Every structure is written in C-alpha cells, then in structure tokens.
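Subject: Structure handover

Hello,

Here is the structure I promised to pass on. Please open it alongside this email.

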Amino acid sequence: MYSKKLLALLISSSLLLGCNSSDPEPAEEIVVTPPVVAPDTSAVILTDLDTVYGYASENGGTTGGSGENRVEVTVCTGEQMIAALKDKDPNRPLTIWVNGTITLQNAKDTRIDIKDIKDVSIIGLSSQGEMAGIGFNIVRAENIIIRNLRIHHVRANMNAPGDGISIEGPARNIWIDHNEIYNSLTVDDSSLTLDQVKDYYDGLVDAKGDARYITISFNKFHNSWKTSLVGSSDSDNYERTLTYHHNHWYNVNSRLPLFRFGKGHIYNNFYDGAVESGINSRMGAVIRIEQNHFSNMKNPVMSMYSQQIGYWQLIDNIFENITWEPGAAGSVIADNNQSTGELTVPYNYQPSLIPVHQVKETVLRYAGVGKIDTPPSPGLCPAPLPEEAVPEEPIIDPVPIDPTEPPSSVDWFSYSADLDPFTPGAVTLADGSLSQFAKQQSGGADEPNLFRANGDGTVTFDSTVSGSDRSRAKLDNIMAADGVYPKYFTLLMGLKGNSEGQRIIETEIAFGDTAASTATSRLKVVFRGDGNNSGIQLENASNGSSVTLGKGNEPDAIDMSQYRVYHFAIALSSPTTGNVTVYIDGNNTPLGVLEGVTMRPASNPTDNYLQIGDAGNSSYKADIDWVLWTDAGAYTPDMLKGLLPSGIGNISGYEN
C-alpha cells in the first residue's frame, strides 16, 4: 500500500512540471508524399490477332471461309475474284487470297459484290493485297471476313455504292480487320468546288439497313471526308450492332463514325486529327465509348444534325488537345465528359481491352496491313497487258445552238407502261415498229425484274425490299450517232412518287456518238422523294457539280408523291458540252436551266441509250404512266401542246 504523503508529493511534482513553460513543444507531424509515377505509355505486346471480339463474336460467331472442308483460291484480278464468288459451293466455306492489285479495269465492273452468300473470307497475302479504285458491296450476306487489304480511292457516282466497304442489310456477322482504307482530301482538278471535292469519294466503311453483329478492328482509316456512316438517313431505323476497336483514325474530316439507331461499342481506338468532328451519335443510338485516346481534333463526341439526339457512355477516355464547339439548338457535345446513356454489351472483350495510356503506341504498332500471319505468296501476279493506244479525238469547236422551231408533228419513241418494259412490244419506236427494254447484269447475273404491270396502263417500280438490288431497263440507239452537232433530245416522263419517303426512280440518257472516240455526255436524273433531299437531282451535270431542283427544304419544293409530268430538253453543241432545261407539268417557265456546261461524261464514248430503274444502292418506288422521247429537237412545253400521242395516259398540261 502506498503512503498518503508520498502520493501527495508525486501529484504536486506532476503539477509543477506541467506548468514549466520552458519545456519543448511537440514536433510537427511529417507528411510523406509518395512520388508521382508516370503512366506506362508503351505498346502492349499482342500475341493473338486472330480472335474475333465485339458484336461479330455473337450470333454464333464469325469464321468466314475457315473450316476443314474450305475451298481456297488465290486471285490476281477482279474478274478472278468475281468468278470465285459466283462459283462458290454453298455448302463449303471459301477463302480468297488476294495476291495483287484489283482494279476497275481487271474486274470489268464497278464493284465487287459479296451478295446472297455466306462463309467467305477475302484476305490479302502478306502486304500484296490491294483494291485500287474498286470497293466491296456486302448485301444479304453473313459470316464474311475482309482482312489485310489496302482499299483506296473508290470513286463515288460510278453506278456503285462508292465506299471502300459498303454493308447493306440484311447482313450478319461481318469482321473487317487489319485493313488500310483511305481516299484523298484533295482532287487534282482545280475546276471542282469544295463541295464537289467532298463528294468525289464516299465512305471508307458504311453500314446501312438491317446490318448486325459487325466488328471493325485494327484498321487504319485516313484521308477521308466521309469516313464511316452507320445508317443512311434518319429514316433508316434498324437495331444495328457494331463494335469498333483498336483502329487508327487520322487526317479525316468527320463520321468517326456517324451512328444512327442501334448500339455501338467503341474501345481502344486512337484518334489523331479530325477537322470537323468525331463520333456523332444520332437518332437514339447508344454508344459505349471506352478507353479511347482522342488527340488534336474538334468535338470528338457529340450529337448533331438529326431530328433526334443519340446517347453515349464515356468510360476512362483520354482527351488531348481538343476543341469543343457547340452546334445548333438541340445539339449535344461531350465537353463536360459526362455520359448521357448507358450500354452493357453482351460479350466478353476483357482479354482484348488494354490500359488507355497504352492505346496510342499499341494501335500504331498493330493496326493496318502486314501485321497478321498469312501463307507465303506464290509469286507476283503477271503484269497486265498494255492497253491499245486510242487515237485522240479531234477538237470540235462548239456550234452555237439555235432555237428549235416548233414542230407540226413529232415521231415519238414511246413506252406507254401497259406492259413491263422487258415484254416484247412494250416500246414503240419512231418508225412505228415495236421493241422492248433489255435487262442488265450485275456480277455476271441478270438483275431482278422489279417492274410490275398493274393492268391499268401503269407500271410500278419497287426496289424497297432490298435497296442494294440493281434493276435497270435499258434501250440502246436512242438518238442519231452521226457526228453532227448540234444534237437535240427531249424526254418526258409521267411519274407518280410514293408517300413513304423513298426515292422514286433513276433515269439515265447517254449521248454516245461513233464520231467521238474519247468522250461523250450523259445525263443522270435521280427523282427523289426522301424528305429534305427530295427533288429532281441532276448528278454531276453542271461542270461536274450536281444540281437539285425543287428541293424539299427550299421555297420551290415539289410534292414528289403526286403525279407529275417531268420534261427535259437537251441541246448539245459538242460531244461534251450542252444545255439542259427542266420543266414540270407543262409549265413553259423552266424549273431550272444549265447553259453551256460540261456534261457528265459517258462511261464509254459510244454509249447511246435510255435507262430507267435503280442503278445504285438505295430504295426506289414509283408508278410509271408513260415515257416519251425524241432526238428531233429540244422542245419546250408550249411547242408540244397537242402533239403527245393519244391514249398513252394522263397528259395533263400538254393538251391543245
């Protein structure tokens, strides 16, 4: 037991010590900040480049032309590739190895159709596979792989989609991998306007209609105005599903991609430089944008230019040296790095997902051609035979076009639409004899007949079931080919459009001449009923520029869904130069006039035909009442009052 005195002494001592002001203050707490460790920006070493990730891994996966019973073909020309696709055994996968350069010339076609087919791979051997000026058109196809090819400079307006790769639904399980796809931001023609330069080429990879389960990976996309389009218009409403991963996008303008409707997953891409914009989510599309590196560009993620906005989920992206610019009212940009939607993808992609700081160097190392293993090349393709020299056409001084005198009568060529155009006797020639339009071929096979006689003196043309189908009715030798200028031509068409917002019909006239050995003219007219783009479009008719008359968003818009008489008067002062005047419904005041323009060139100098139908990659629907033409003059409506044949149908505006 402690003594009470001792305890009191101890307490007193403690109190005295606590009052001693000379005691040192307690030491300040030292906070140790760990050094900042810079993120690893080196390339990830990839050892498996042959596994399909993304949406193409769904729906049973994408295997293309692989399999134990596969057929393998090595091709050097487009003709060989087209033949291999046409001759494919439907029960055996097909792998086509591309060992050289495929061109328009050695394909003898404007595109490579991968159509009504499945289980196909088209792969470049080593670094030798190339598609120069000709692209792929994938239609009603499934389980298709395109890899290791350079695809470039595919011209628009060549009776083809105009894309490096066009995917037109219904299409399923498509893998576009390790290609280099590009065009040019400039054109070596100082006469072209900027808008004409932008339209000179089309997209690099586009997906339209009902296209699903698509993966686009490890590609280089560059030098393009219209890079990648998903959904052709605000009415192209399908639940498309696409994945873009590990692609390198650079020196491009926009559409990276432009995505309407459906679901997209964009991860581990490197974007380096975009003039106008990057990912544009529109019309309710939802896109998961994950661990991408965006650099040196404007508006990398946005929603603009559609009737409805689209949405995105942003996950751990890098935005470096970015300019944000808000658009018109209703537009949305991702300048606050906030998500506007959410998307959970149904597949496992984690084995392919790399840290965002390593995306740049990894994509630079592995994207493009020559990065995957292929069999060795069997040797270089043989050099093409030299083309025969074509004599130069003598320069013909333009002859002034004098006004055409009103006729007292006209010997018409006529199609009254009592029968479909391919039926014998459907056409009455100027001399009273009977003829018919001819079917054309695509990919070596007859195009379908999409003209249906209604039994009331009209024919319906309808390609809306599959907008990728071409169906053309063509009649040759429609005007004199005697080398004498000026030449004249008048075309009248009684047409009714549709109320579904579809295009109506295409009409093309080629003014070939045996006296012209290098260049002649043609006029391609697209009757359009698709919303703000509706009207009478004269493609590349005015010194290379397209002209649309009565456009849907302009004050003089035409209701293209109603019955109309469309009237074209053409006068050529030389094989390549002329005037075009357009009238409507018998009104003598022109809807539009082109004077002294360089016409769109014909594909071949001797092409001399009238063609109606669908020569492109869109949906068309029209009712045709009648078609009349003559090469006797370039007549105005007033000159033709009372001179149209009787009994052909509704000729409102042209009666006496």
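Below are the findings, grouped by topic.

**Ground rules**

This is a predicted model, so local features need pLDDT of at least 70, side-chain atom pairs count only at pLDDT 80 or more, and totals for chains, interfaces and linings use all residues. Residues are numbered from 1 along each chain as its sequence is written, and side-chain values use heavy atoms, with hydrogens and water left out.

Helices (H or I, at least four residues) and strands (E, at least two) are DSSP runs, numbered from the N terminus. Buried means under 20% relative accessible area, exposed means over 50%, and partly exposed is in between (1.4 Å probe, protein chains only).

**The disulfide**

The structure holds one disulfide. The term stands for a pair of cysteine sulfur atoms within 2.5 Å. Here C76 is joined to C381, with S to S at 2.1 Å. The link is left-handed, with -85° about the S-S bond. It ties together distant parts of the chain, 305 residues apart. C76 is in the loop between β1 and α2 (78-86), and C381 is in the loop between α5 and β26 (413-415). C76 counts as buried, at 19% relative accessibility. C381 is partly exposed, at 22%.

The loop between α5 and β26 also holds P376. That proline counts as exposed, because its relative accessibility is 73%. P376 and P421 are 45 residues apart in sequence and 51 Å apart in space, C-alpha to C-alpha.

**Aromatic pairs**

Rings of Phe, Tyr and Trp (its six-membered ring) pair if their centres lie within 6.5 Å. Planes under 30 degrees apart count as stacked, over 60 as edge-to-face, and the rest as tilted. The count comes to 18 aromatic pairs.

Take Y55 and Y347. Their ring centres are 5.1 Å apart and their planes are at 80°, so the pair is edge-to-face. This pair also links distant parts of the chain, 292 residues apart. Y55 is in the loop between α1 (4-18) and β1 (71-75). Y347 is in the loop between β25 (332-333) and α5 (359-366). Both Y55 and Y347 are buried.

F319 and W324 form a tilted pair, at 5.9 Å centre to centre with 55° between the planes. F319 is partly exposed, at 26% relative accessible area. W324 is partly exposed too, at 24%. F319 and W324 belong to a cluster linked by ring pairs, together with F221, Y244, W249, Y271 and F294.

**Charges over rings**

A charge sits over a ring if NZ of Lys or CZ of Arg is within 6 Å of the ring centre and within 35 degrees of the ring normal. The charged end of K487 sits over the ring of Y485, 5.1 Å from its centre. K641 lies over the face of Y654, at 5.4 Å from the ring centre.

**Backbone**

Most residues other than glycine have a negative phi, and most peptide bonds are trans. Several places here are worth a look.

- Y485 to P486 is a cis peptide bond, with omega near 10°. P486 is in the loop between β34 (471-476) and β35 (487-496).
- G169 and P170 are joined by a cis peptide bond, with omega about 10°. P170 is in strand β8 (residues 165-177).
- N173 is in strand β8 as well. Its phi is positive, near 55°. N173 is buried, at 4% relative accessible area.
- N299 has a positive phi of about 45°. It lies in the loop between β21 (293-298) and β22 (301-303). N299 is buried, at 3%.

**Cavities**

On a 1 Å grid over the protein atoms alone, a cavity is a set of points where a 1.4 Å probe fits but cannot get out; lining residues have an atom within 4 Å of a point. Grid points are joined across faces, edges and corners, and a volume is the space filled by probe spheres set on the points.

A search of the whole structure finds three cavities of 30 Å³ or more. The largest cavity has about 80 Å³ of space. It is lined by 14 residues, and T110, G135, V154, A160 and G162 are the closest to its centre. Its lining has six nonpolar, five polar and three charged residues. Ala, Val, Leu, Ile, Met, Phe, Trp, Tyr, Cys and Pro count as nonpolar, Asp, Glu, Lys and Arg as charged, and the others, Gly among them, as polar.

Best wishes

Technical notes
On a 1 Å grid over the protein atoms alone, a cavity is a set of points where a 1.4 Å probe fits but cannot get out, and a pocket is an open set with protein on both sides within 12 Å along at least five of seven lines; lining residues have an atom within 4 Å of a point.
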